[in-house]
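These are my notebook entries on one structure, written while the sequence and the coordinates were open side by side.

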Amino acid sequence: MKTATQHSSLRAKIQTFGGFLTNMVLPNIGAFIAWGLVTAMFIKSGWFPNKNLNELVNPTIKYLLPLLLAYTGGRMVGGHRGGVLGAIGTMGLIVGSQVTQFLGAMIIGPLGGWIMKQIDHFFENRIRAGFEMIVNSFSIGIIGFVYLIINYQFIGPIIEVANNLVKAGVEGLVHTGMLPLVALINEPAKVLFLNNVIDQGIYYPLGMQQTLKLGHSLYFMLASNPGPGLGLLLAFSLFGHQAAKRTAPGAMIIHFFGGIHEMYFPYVLMKPITIIAMIFGAMSGIITGQILGGGLVAGPSPGSILAYIALTPKGHFLANTADVLVATTVTFIIAALLLKRDKTPVDDDQLEKSQQQLEQMKSSPQSTTTTSESATTTPVSVTQIEQFHKVSFACDAGMGSSAMGATSFRKRLAKLGVSNVSVKYYRIEDVPADSDVVVVHQDLAERTRRAHPQLPIISLNNYLQDPQLEQLANLIADKNK
């Protein structure tokens with residue numbers, strides 16, 4: 001039987017994997033959106049059908065987008081040379097198969113980066129002076145030649161079969177009318193920061209392939225729909241208790257218009273029973289989208305209503321609007337009933353726990369920082385830092401909740417007269433080693449400790465409202481006088 005620690009460790013590993021997939025996709029999201037806009041505008045059923053410009057659609061999705069993913073993944077593992085080898089190998093996949101190789105690019109790209117990293121490490125101290133350029137050029141050329149052929153002859157067909165199996169499984173859910181059941185997985189996964197494995201790894205590739213045929217895809221809306229989160233926060237705004245009722249309206253604006261879904265996660269965690277409302281709300285939205293033929297032309301990142309509007313193709317505004325509104329309404333009604341029936345003032349208890357956690361952080365370094373077996377040093381307590389120079393906010397992709405938290409905290413410091421402290425946001429694995437402290441959501445704390453065992457870590461329930469932020473800001477102001 002697995003212990004709680006083992007379950008937590010497994011979740012951290014899945015989060016890390018999902019974060020890796022996300023960071024292959026997000027730097028290239030502009031290219032995906034550009035392709036989606038070209039598709040929405042110039043295909044036969046688009047806003048401005050154009051036979052010549054329509055010729056951009058197929059080559060872009062077949063070659064450009066997979067190669068960008070592969071290069072990014074390879075570069076993340078093996079630097080620029082790893083990115084180049086990953087792109088070379090993916091070209092073999094593309095030519096050697098008949099499906100769009102998003103899945104293949106996400107595998108072969110990072111693998112190419114790893115291979116290049118091992119080869120460079122092997123030659124690192126074996127090259128005679130003056131021969132560096134020729135060895136570096138021919139090593140990647142020869143390995144790229146072999147990697148290209150292997151992927152063309154063998155790996156491409158295998159990944160094509162795997163891609164078709166995944167596609168057939170999801171399409172089977174569609175044909176049997178069971179697609180709404182994916183909400184049973186999506187909604188709990190989102191609250192636990194595990195959604196990126198599903199969204200970036202499965203829904204986006206399937207959505208791109210379907211868009212190529214139909215001009216739009218509902219797959220892009222399965223996990224990104226802002227409706228359920230809006231309904232939940234609206235219910236807390238009207239029927240929540242104390243702190244939750246006060247903070248929900250601000251969170252609602254950031255979630256719905258800013259597309260940062262992490263804003264509603266703490267509210268679900270305060271009242272776990274409200275996950276029922278989220279699931280049924282998401283299900284109702286999917287059913288509405290299926291019936292009315294809703295869909296987007298590309299993955300909305302972030303999942304904002306503004307992104308939904310921009311990526312809705314001609315003739316689908318009614319369907320997509322109904323999808324979001326129905327999901328919002330169903331979630332609101334169920335969440336409101338649950339909140340009205342539950343009179344337990346969880347908000348106060350939650351804030352008290354946060355305060356206790358902060359006191360433990362001050363008195364014991366081990367309460368907010370954890371070392372791994374491989375760590376060579378033990379992080380100092382935050383209160384032991386003589387002067388602060390760099391505060392790093394971190395999240396799964398380094399673009400959503402951490403960016404919002406860093407901006408808010410920077411303003412908080414400015415009000416206290418502190419201007420000599422760098423406050424920036426990063427994805428967890430990219431946090432600089434010279435950070436004085438890392439601020440992260442509590443559900444991502446273990447993953448952060450695994451990545452940075454030498455750094456002090458403060459884990460929060462909420463990037464904006466957690467009392468630990470006020471305490472940290474006051475501490476920094478005192479230390480940096």
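**Entry 1: L475 and its helix**

I located L475 in helix α17; helices (H or I, at least four residues) and strands (E, at least two) are DSSP runs, numbered from the N terminus. The model is a predicted one, in which local features need pLDDT of at least 70, side-chain atom pairs count only at pLDDT 80 or more, and totals for chains, interfaces and linings use all residues. Residues are numbered from 1 along each chain as its sequence is written, and side-chain values use heavy atoms, with hydrogens and water left out.

Setting aside residues up to four places away in sequence, I found L475 touching V382, T383 and F388, where contact means heavy atoms within 4.5 Å. L475 and F388 are 87 residues apart along the chain, and their C-alpha atoms are separated by 9.3 Å.

I checked the length of α17 (residues 467-479) next: its 13 residues should span 18 Å at 1.5 Å a residue, and the end C-alpha atoms are 19 Å apart, which agrees. The expected span is 1.5 Å times one less than the number of residues. The buried residues in α17 include P467, L472 and I476.

**Entry 2: the whole chain**

I counted 17 helices and four strands in the protein chain. Of its 481 residues, 52% count as buried. Among contacts between residues at least 6 apart in sequence, 73% join residues at least 24 apart.

**Entry 3: α8 and its partners**

Which residues of α9 does α8 meet? The axes of α8 and helix α9 (residues 243-258) come within 7 Å and cross at roughly 155 degrees. I took axes as lines fitted to C-alpha atoms, for helices over the stretch in contact, with angles running from 0 to 180 degrees between N-to-C directions. α8 is therefore roughly antiparallel to α9; angles under 35 degrees count as roughly parallel, over 145 as roughly antiparallel, 65 to 115 as roughly perpendicular and the rest as oblique. The crossing of α8 and α9 is left-handed; a crossing is left-handed if the near helix is turned anticlockwise from the far one by less than a right angle, and right-handed if clockwise. On the α9 side I listed A244, K245, A248, P249, A251, M252, H255 and F256, and they meet G229, L230, L233, L234, F236, S237 and L238 of α8. By class, the contact of α8 with α9 holds 11 nonpolar, three polar and one charged residues. Ala, Val, Leu, Ile, Met, Phe, Trp, Tyr, Cys and Pro count as nonpolar, Asp, Glu, Lys and Arg as charged, and the others, Gly among them, as polar.

I turned to α13, which packs against α8 at an angle of about 35 degrees with the axes 7 Å apart. The crossing of α8 and α13 is right-handed. Among the residues making this contact are L232, A235 and F239 of α8 and V324, T328 and F332 of α13. The contact of α8 with α13 comprises 14 nonpolar, four polar and one charged residues.

For α8 (residues 227-239) and α11 (residues 275-292), I recorded an angle of about 140 degrees and axes 9 Å apart. The two helices are therefore oblique to each other, and their crossing is right-handed. P228, G229 and L232 in α8 meet M278, G281 and A282 in α11. That contact has four nonpolar, two polar and no charged residues.

I noted 18 residues in α11, reaching 26 Å from first C-alpha to last, close to the 26 Å expected at 1.5 Å a residue. Its buried residues include I279, M283 and G285. The cover over the buried residues of α11 includes α6 (183-191), α8, α10 (265-270) and α13 (317-341). Just after α11, G293 takes a positive phi of about 75 degrees.

In α6 I looked up L184, which is partly exposed at 46% relative accessible area. Residues up to four places away aside, L184 touches I279 and M283. The C-alpha atoms of L184 and I279 are separated by 6.0 Å, although the two residues are 95 apart along the chain.

**Entry 4: T448**

Last, I examined T448 in helix α16 (residues 445-451). T448 is buried, with a relative accessible area of 0%. Beyond its neighbours within four places in sequence, T448 is in contact with I428, V438, V440 and I457.

Note on methods:
Buried < 20%, exposed > 50% of the residue type's maximum accessible area, 1.4 Å probe, protein only.
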